[in-house]
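Subject: Structure handover

Hello,

Here is the structure for you to look over. My notes on it follow below.

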Amino acid sequence: MKLQVIFLKKKFIYYALAIFVGTIMLTSLLFSRKDSISTFNIVNENKIMQADLTGDGTKDILYIKTNSDKYYIQINSEDKSYYLEPSKKINTVGNYYVQWPMRLTLMDVSRNNVPEIFTQASTEDTASTEDTASTEDTASVSDTSSTKNSAVQHVFLWNHEKFNDIFCSTNNILGFIDSKNNKTPKVLSGNIKDGKINFKSYIFIKDSLKSFDYNYTDNYMGKNTITGFINLMTSFPLAELNISKELFADDLNGNDISLLSDLSNRKLYLNFQDAVFKDYAWDKNGNASDILWTLNFKGTNISSPKETKNYTINLILKLFPNGNNTSTFKISSININ
């Protein structure tokens with residue numbers, strides 16, 4: 001049997017190499033894009049994260065731990081340790097509950113290349129809202145939060161000596177707008193009241209978050225779509241799942257729809273607890289075209305009411321034209337954890 005040897009011309013080798021390199025680059029881009037929008041970290045009990053939180057070019061260690069069902073956050077930077085002390089007006093970063101884990105987000109809203117630390121968790125509903133806002137503004141507790149607990153939000157800023165709690169609230173929706181485009185970053189804090197999402201907007205000025213007035217449209221950042229989705233989830237279990245054209249994109253994947261059907265078939269009561277969102281794609285004018293929403297629900301088993309579990313639902317909302325010079329954010333992707 002003769003051994004056949006195949007000789008390839010140089011140009012074919014170059015073509016093969018180009019295709020191989022291009023495939024690797026495309027794969028890396030897709031994975032990096034997926035990672036880039038997954039910025040909301042779920043903290044169940046103890047968690048360790050690494051990031052440069054002091055601006056010295058070296059990654060610090062952010063350590064979140066629970067003790068006596070309360071969250072505590074510590075940052076180790078070189079040979080120093082910093083404890084994140086919440087404002088005395090809301091003297092906790094949250095209580096640990098299996099069905100309501102903390103959400104921690106690192107976001108550079110100050111645009112100084114050092115991310116601020118945003119936390120959102122549950123806490124015992126023991127103080128009135130007016131007594132707990134650390135800014136000049138007051139916030140109202142969501143009427144859809146847990147009956148025994150309410151949400152608490154904090155923002156910690158590095159001031160070159162320590163981490164200051166520059167904002168706290170008992171709202172249960174936290175959002176980031178113009179997070180990575182060429183516009184001024186904005187932070188939205190809000191809640192659901194009387195079936196509507198109410199926002200208050202903030203921008204970073206001189207080491208603090210300052211509120212400003214803004215006239216929101218009905219479906220700003222998809223808030224009407226999200227309200228409708230929450231209403232759908234809290235009506236579970238359903239005899240039949242009807243997909244509304246007002247909420248869902250026409251090209252929504254069938255597998256995503258089946259996730260909702262499977263969740264409804266589990267015979268659960270779902271109670272909305274909190275949410276966080278951010279824009280991650282924009283049009284040529286810098287306006288948001290894609291929004292990532294992460295919603296947190298407590299699921300209670302109908303047959304065993306003492307059995308509760310956390311359900312985290314990630315939604316991608318895309319902007320679709322209505323045909324009358326207006327556009328609407330609709331749900332184009334669903335993921336359930």
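Which elements do the buried residues of α3 pack against? They pack against α2 (223-233), β14 (268-282), β16 (308-321) and β17 (327-336). Please keep in mind that this is a predicted model.

**Helix α3**

Helix α3 spans residues 254-265 and has 12 residues. From its first C-alpha to its last it reaches 16 Å, close to the 16 Å expected at 1.5 Å a residue. Its buried residues are D256, L260, L263 and S264. They cover an arc of only 105° around the axis, so they sit on the same side of α3. The face turned away from that buried side carries N255 and N265, both exposed.

At the N-terminal end, N253 is the cap. One of its side-chain oxygens lies 2.7 Å from the backbone nitrogen of N255. After α3 comes K267, with a positive phi near 60°.

**Helix α2**

Helix α2 is one of the elements that α3 packs against with its buried residues. It is mostly covered, with eight of its 11 residues buried. The buried ones are K223, T225, I226, T227, F229, I230, L232 and M233.

**The whole chain**

The protein has three helices and 17 strands. It has 337 residues, and 47% of them count as buried. Take the contacts with a separation of 6 or more: 58% of them are between residues 24 or more positions apart. The accessible surface comes to about 18,500 Å². Carbon and sulfur atoms own 50% of that surface.

**Aromatic pairs**

How many aromatic pairs does a search of the whole structure find? The number is 15. Take F118 and F176. Their ring centres are 4.7 Å apart and their planes stand at 85°, so this pair is edge-to-face. F118 is in strand β7 (residues 116-124) and F176 is in strand β10 (residues 173-177), so the pair ties together parts 58 residues apart in sequence. Both F118 and F176 are buried.

There is also a cluster. Ring pairs link F199, Y214, Y216, Y220, F277 and W293.

Start with N296, in strand β15 (residues 288-301). Is N296 buried or exposed? Its relative accessibility is 0%, so N296 counts as buried. Set aside its neighbours within four places in sequence, and N296 is in contact with residues from several stretches of the chain. Q99, W100, P101 and R103 are among them. N271, F272, Q273 and D274 are also included.

Y71 and N46 are 25 residues apart in sequence. In space, their C-alpha atoms are 8.7 Å apart.

**Where to look**

For a quick tour, open α3 and its buried side, D256, L260, L263 and S264. Then go to the edge-to-face pair of F118 and F176.

Best wishes

Methods. Residues are numbered from 1 along each chain as its sequence is written. This is a predicted model: local features need pLDDT of at least 70, side-chain atom pairs count only at pLDDT 80 or more; totals for chains, interfaces and linings use all residues. Side-chain values use heavy atoms; hydrogens and water are left out. Helices (H or I, at least four residues) and strands (E, at least two) are DSSP runs, numbered from the N terminus. Buried means under 20% relative accessible area, exposed over 50%, partly exposed in between (1.4 Å probe, protein chains only). Contact means heavy atoms within 4.5 Å. Accessible areas come from the Shrake-Rupley method with a 1.4 Å probe; for residues, only the protein chains shown count as cover. Rings of Phe, Tyr and Trp (its six-membered ring) pair if their centres lie within 6.5 Å; planes under 30 degrees apart count as stacked, over 60 as edge-to-face and the rest as tilted. The expected span of a helix is 1.5 Å times one less than its number of residues. The arc is that of the directions from the helix axis to the C-beta atoms. A polar contact is a pair of N or O atoms within 3.5 Å; within protein, one must be able to donate a hydrogen and the other to accept it, and residues adjacent in sequence count only if both atoms are side-chain atoms.
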